[in-house]
Amino acid sequence: MLLDAQSGRVLEALNEGAALPPASTLKALTALYALDRLGPAHRWTTRLLGTGTVGGGTLNGDLILLGGGDPTLSADGLGDLAAALAARGVKRISGRFLVSGAALPHVDRIDPEQPEYVGYNPTLSGMILNHNRVYCEWRRAGQGWSFAMDARAERFVPAVSMASVRAVNRDAPLFAYAQGDGMDRWTVSAAALGNGGSRWLPVRQPELYAGDVFRTLARAQGITLPAPTVTTAAPGGTALAQVSSDGLIPVMRDCLKYSTNITAEAVGIASSGASSLPASAARMADWARGRYGIGARLVDHSGLGGSARMAAADMAQALLRGRGSGLPAMLREHGLRDAKGKQVQGSPVRVPAKTGTLNFASGLAGYIQPPGGREMVFAIFSADVDRRSALSRAEREQPSGGPQWTSRARGLQNALVARWVGRFA
């Protein structure tokens, strides 16, 4: 669907009412939803609370790490919290070290149909650290491999003890997960390791992960803490320190640029206030129906779930009517591209847009902005739903023929945008 941005007139359309998986183009709709419900100045805050007084270097009570659902919190933020706690004179605590993620509902995996080991499908709660991923690195060591796990950020690289990996002799699956004794335990196919490598793995116990990392960073500040205990409540106490995210616009700009699934989900649930991801997705669909008059079947806010359905006509209509919200400036510059996906050098035409890619589903939606010419709004969805549905879970990370299919879909998108500029701009 291609629309004139000023009049809303349809310039070109083909099968525009076909309901297909929107993939990550859905994040653009989530951005519009959050701007409307939360406002552009919204921030998320992670707090340290104490239930007692500080005296002689001791916090006489519990220390609480209270997640606020900040999807951008990194180990650097926890390091700053540890430094602030040390600056208050705390060296030890007499009570428990509690971690709460109660600000958001616990979602074991964004999409249960995706492989459990892919880093873009982590567990969600109100305690989010490093997008709830842990960095795993391995090297050859004699006849086997040595593994290291950390929560690296820009300034801090704290080791992680609540997650472990070991190599086993099997062909598939590549990684397998087991939970127990406060640990995320992974096994990996030895045949896939080579001489060394690295990978981000999802975290399945985010509160324990954040507690483990904070305890390490606190130790570096001379603070001794007991092992973290997860609480499902949102306990109260005296504020000792806090760190806050940037405002919604830069948060969503990065989400749209890097297509970060957990950010879209955290922002979407914060916008809806729902108690589960399906309920939150349904509320966003209801909002889109009431706000823009469009129909969509949504299962999440990121587009990772392949059972979501949306028509190109509806996506284009949402982008058209949401154009004044500031969304175009938040989208990544796609630019004019040739059939091989390379940007056309020197073109003055801007194409702020959001891509979306799943196995055998691809989308591109956004705006075409020629200098001094006609601004346009577009959405392109392509999918082979039957081929996607036939994939086993093990095939979903790298399905046979998937990259070639995606390449053809993107070539079609680039050719359409270039033709539209030549014909209508």
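Let's start in helix H3, where Pro-206, Glu-207, Leu-208, Tyr-209, Ala-210, Gly-211, Asp-212, Val-213, Phe-214, Leu-217 and Ala-218 are buried. Buried means under 20% relative accessible area, with exposed over 50% and partly exposed in between, using a 1.4 Å probe and protein chains only. Helices here are DSSP runs of H or I, at least four residues, and strands are E runs of at least two, numbered from the N terminus.

A word on the model. It is predicted, so local features need pLDDT of at least 70 and side-chain atom pairs count only at pLDDT 80 or more, while totals for chains, interfaces and linings use all residues. Residues are numbered from 1 along each chain as its sequence is written, and side-chain values use heavy atoms, leaving out hydrogens and water.

Back to H3. After H3 comes Gly-222, with a positive phi near 85°.

How are H1 and H6 arranged? Helix H1, residues 26-37, and helix H6, residues 277-292, pack at about 80°, with axes 11 Å apart. Therefore H1 is roughly perpendicular to H6, a label for angles of 65 to 115 degrees. Axes are lines fitted to C-alpha atoms over the stretch in contact, with angles from 0 to 180 degrees between N-to-C directions. On the H1 side, the contact includes Leu-29 and Tyr-33; on the H6 side, Met-284 and Trp-287. Contact means heavy atoms within 4.5 Å.

Now the aromatics. Rings of Phe, Tyr and Trp (its six-membered ring) pair if their centres lie within 6.5 Å; planes under 30 degrees apart are stacked, over 60 edge-to-face, and the rest tilted. The count is 9 aromatic pairs. Take Phe-97 and Phe-214: centres 5.8 Å apart, planes at 40°, so the pair is tilted. Phe-97 sits in strand S9 (residues 97-100) and Phe-214 in H3, so the pair ties together parts 117 residues apart in sequence. Phe-97 is buried at 0% relative accessible area. Phe-214 is buried at 0% too.

A second tilted pair is Tyr-117 with Phe-175, 5.8 Å centre to centre and 35° between planes. Tyr-117 lies in the loop between S9 and strand S10 (133-141), and Phe-175 in strand S13 (residues 175-180), 58 residues apart. Both Tyr-117 and Phe-175 are buried. Last point: Tyr-117, Phe-175, Tyr-177 and Trp-186 form one aromatic cluster.

Technical notes
Angles under 35 degrees count as roughly parallel, over 145 as roughly antiparallel, 65 to 115 as roughly perpendicular and the rest as oblique.
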